[in-house]
Amino acid sequence: MQITRLYLRNYRVYEHELDLAVPAGLVGVYGPNGAGKSALLESILWTLWGRSRTAKEDVRTSGVNGDCITEVEFEHEGHLFLVRRVVTGINATVKAEAWSDKLQVAAGVRDVRQYLHSVLGMDDAAFRASVFAEQKQIASFSSQTPTARRDLILRLLGITPLDVARDAARKDAKQARDDVDRVRGLLVDLDELRPRVEQARAAAESAAADAASEATAEATARQRAADAEKAFADLDEVRQEYDALVREGRAAKAEVERAREHVVALDTELAELAEAEARLAPLVEAAAGLDEAEARLRSVESYERAEAGLRRLPEATQEPPDIDEAAIEAAQAHAERVASVLASVTGERKAAEAEVARARQHLERSSGLSAEGDCPLCGQELGAAFEQVQSHRQAEVAEAEARVEALARDEHAAAREAEQVTAALKALLASAKAARAAKDTWLRANEDRRAVERALAEATAALGRPAEPGEGDRLRSDVAICRAAARDAARLEGTLARKPVATKARAEAESHAVEAESRRVVLLDKVKALAFSQDKLDRVRAERDEQRRLAEVAAKAAADARMAAERAKVQAEAEAQRLADAEVQHAALAERTDDARHLGRLADLMNSFRTSVVGTIGPRLSAQAASLFDELTDHEYDELKIDPESYEIRISDAGREYGMDRFSGSETDLANLALRVAISEQVRFQSGGAVGLLVLDEVFGPLDDDRRERMLLALERLRNRFRQILVVTHATEIKEQLPSAIEVVKLPGRRATARVIGV
């Protein structure tokens, strides 16, 4: 088996698409700690077998919701295979597919696993044990205690399940023996149970006879109760018919009374309608001039409103003079000029004050000089120039201070002028505002008077003359009278519209009253014909209740007898069942005794089988490790042996056998490596597969330069046994000593990528 290509996307730290062509032979996988080297190789186990050290939800790159896609392409026995595994959806659903020579051969997680098993000749556990060798496993062969080393090797070889099965068989055998002893102490004597069964059966037969007698008495009582129930039901049916006729008769009587009351009400209504018809004509005549009176009233009211509005307005006054806008603009322009001059003078004063501060600073620095000192600018001795420097600095300060005083006086004068100009402008603006308000008031008053005068002229034109004093009040009184007559006439006309309806309704009510009276008389005759008696019904009800009570008493007695018979029957059956159960338990005890004996024999056989398997594997493992160790060390030592019990590695040198503590680190590493490779070959031999792939994780980590060189030579020789060896290391210098290397590059945000360095 040779892996030719790895494809990853959204797998652990490999978020971005990684399509990696994996070289053949010895290949180093290097990069800094935590970059993702182990994750890169773990993707092989995940893709092929769906095995991961974390839950499937954590296989996808952290913080990414897209599909996790991994592919492993490998060549095996002349065919090219491709396996793809996808984690998709919010529930992390896993899908798998397999191709052989570009033809799909399996789909689904289970089918892909079974197909790989058939192709490689091993399951996922055997594949991991034979292919993946971790550095901590290799070091454990010589550094761990014998017990820990033995457990590790047996687990890699697949022997541990035999230990588990043997221990389980021993536990089951002991449990079976304990159960036999416990059950034997709980079983009862069969000779004690048989007489109790006969007694219980006799008691059950007696109770059954008593129950049959009580059942006959119950049937008789129930028949009497049924006859009494029927007699009461027949009479109660007559009572229900009587009550229905009485209710119907009362309803007919009430209907007659309502019909007669309706006739009286309609007679009253017809009389009122005749009276309303007599009052209608005068009202119609009184309401005839309403429209004309209302039109004349509207004209007079318009005239009165206009005349009253004119009286409320003040007398017309002379129009106020216009405002001198040019004078205001000139005053504003003058104020802006004065403010500009003030701002300019203020700026010059502040600049002069800053100049005074600089001059004083220069003067203070020059005070620290002396005639014997050097000039801070040119480095030459000051000498006589010291007094000139001092005089010049003092003159600069005096000149700057004088300029500040002059500018301060100019600023004060400009400020006084700006204050005066601003006050004059404010007074002028206030006067203009008051003049504008007066002008607006005069314009509104003049407009209001013209509007009222127009309204008065229009009202006079509509009347054809000015309105007379009191004319509006007279017209309003006439209009109110006409409106009242119109409302009354309209109401009477609506009322009189009901006269034909009321006449017809009276005739119908009269006919309904006659019909209801006839129906009431018929119902009275039917009630008399029933001849119903409430006393007779009460007597029949009492007889029915008594028979019900007697039937319930008989039913209770029969139920009690049945319960007693059932209890006796159950007791008899229980005694019989106890006897049967005891017989079954005695028979089962014999079977359990045989089972316990067989389980003990099975535990002994499992132990013998496990001992035989371990005894067979030990010499073969020792021979395979010794052969490889000889090859890796150029036959420098006599022999490498593996203890069959503790799996301790011992080396024969010059005819003497030594433990690993006698040799240097390089021999120890090579011996450990030989044992681990021998274990891989033994696993492949047991499973029947031939993978030809080996993954070594961090075998260079603890090695110095010399031991690293020897390990590299050993790995080169292993190429004869394996088509492809992938060596994981964090030592970057290894890439220069390997024919091919894959560099894992750490990216920001706990991400990584990988690339092939040399082929």
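A search of the whole structure finds 25 salt bridges, each a side-chain nitrogen of Lys or Arg within 4 Å of a carboxyl oxygen of Asp or Glu. This is a predicted model, in which local features need pLDDT of at least 70, side-chain atom pairs count only at pLDDT 80 or more, and totals for chains, interfaces and linings use all residues. Residues are numbered from 1 along each chain as its sequence is written, and side-chain values use heavy atoms, with hydrogens and water left out.

**Overall make-up**

- The protein chain has 15 helices and 15 strands. Both are DSSP runs numbered from the N terminus: helices are H or I with at least four residues, strands are E with at least two.
- Of its 759 residues, 37% count as buried. Buried means under 20% relative accessible area, exposed means over 50%, and partly exposed lies in between (1.4 Å probe, protein chains only).
- The protein chain exposes about 43500 Å². Carbon and sulfur atoms supply 52% of that area. Accessible areas come from the Shrake-Rupley method with a 1.4 Å probe, and for residues only the protein chains shown count as cover.
- Among contacts in the protein chain with a separation of 6 or more, 73% come from residues 24 or more positions apart. Contact means heavy atoms within 4.5 Å.

- Side chains of opposite charge can pair when their charged atoms come close.
- Aspartate 19 and arginine 5 form a salt bridge at 2.9 Å, N to O. The pair links distant parts of the chain, with aspartate 19 in strand β2 (residues 18-21) and arginine 5 in strand β1 (residues 2-9), 14 residues apart. Arginine 5 counts as buried, at 18% relative accessibility.
- Arg5 and Asp19 also belong to a network of salt bridges that includes Glu71, Arg84 and Glu97.
- Arginine 53 and glutamate 42 meet at 2.8 Å, N to O. Glutamate 42 sits in helix α1, while arginine 53 lies in the loop between α1 (37-49) and β4 (68-76), 11 residues apart from its partner. Arginine 53 counts as exposed, at 58% relative accessibility.
- Arginine 519 and glutamate 255 meet at 2.7 Å, N to O. They are 264 residues apart, with arginine 519 in helix α12 (residues 499-530) and glutamate 255 in helix α7 (residues 190-286). Arginine 519 is partly exposed at 31% relative accessible area, whereas glutamate 255 is buried at 19%.

**Nonpolar cores**

- The largest nonpolar core has 47 residues. Such a core is a set of buried Ala, Val, Leu, Ile, Met, Phe, Trp, Tyr and Cys residues joined through side-chain atoms within 4.5 Å.
- Tyr14, Leu40, Leu48, Phe74 and Phe127 touch the most other members of this core. Helix α1 gives the largest share, 8 residues.
- Leaving aside its neighbours within four places in sequence, phenylalanine 74 is in contact with residues including Met1, Ile3, Leu48, Phe81, Val83, Leu116 and Leu120.
- Another core, of 30 residues, lies apart from the largest one. Among its members are Leu621, Ala626, Leu628 and Ile651.

**Helix α1**

- Helix α1 has 13 residues and reaches 19 Å from its first C-alpha to its last. That is close to the 18 Å expected at 1.5 Å a residue, where the expected span is 1.5 Å times one less than the number of residues.
- Because 11 of its 13 residues are buried, α1 is largely enclosed by the rest of the structure. The buried residues include Leu40, Leu41, Trp46, Leu48 and Trp49.

- Most residues other than glycine have a negative phi.
- Arginine 12 has a positive phi, near 50°. It lies in the loop between β1 and β2. Arginine 12 is buried, with a relative accessible area of 12%.
- Glutamate 77 has a positive phi, near 55°. Its place is the loop between β4 and β5 (79-88). Glutamate 77 is exposed, with a relative accessible area of 62%.

**A pair remote in sequence**

- Glutamate 583 lies in helix α13 (residues 534-632) and counts as partly exposed, at 38% relative accessibility.
- Glutamate 583 and aspartate 189 are 394 residues apart in sequence and 9.6 Å apart in space, C-alpha to C-alpha.
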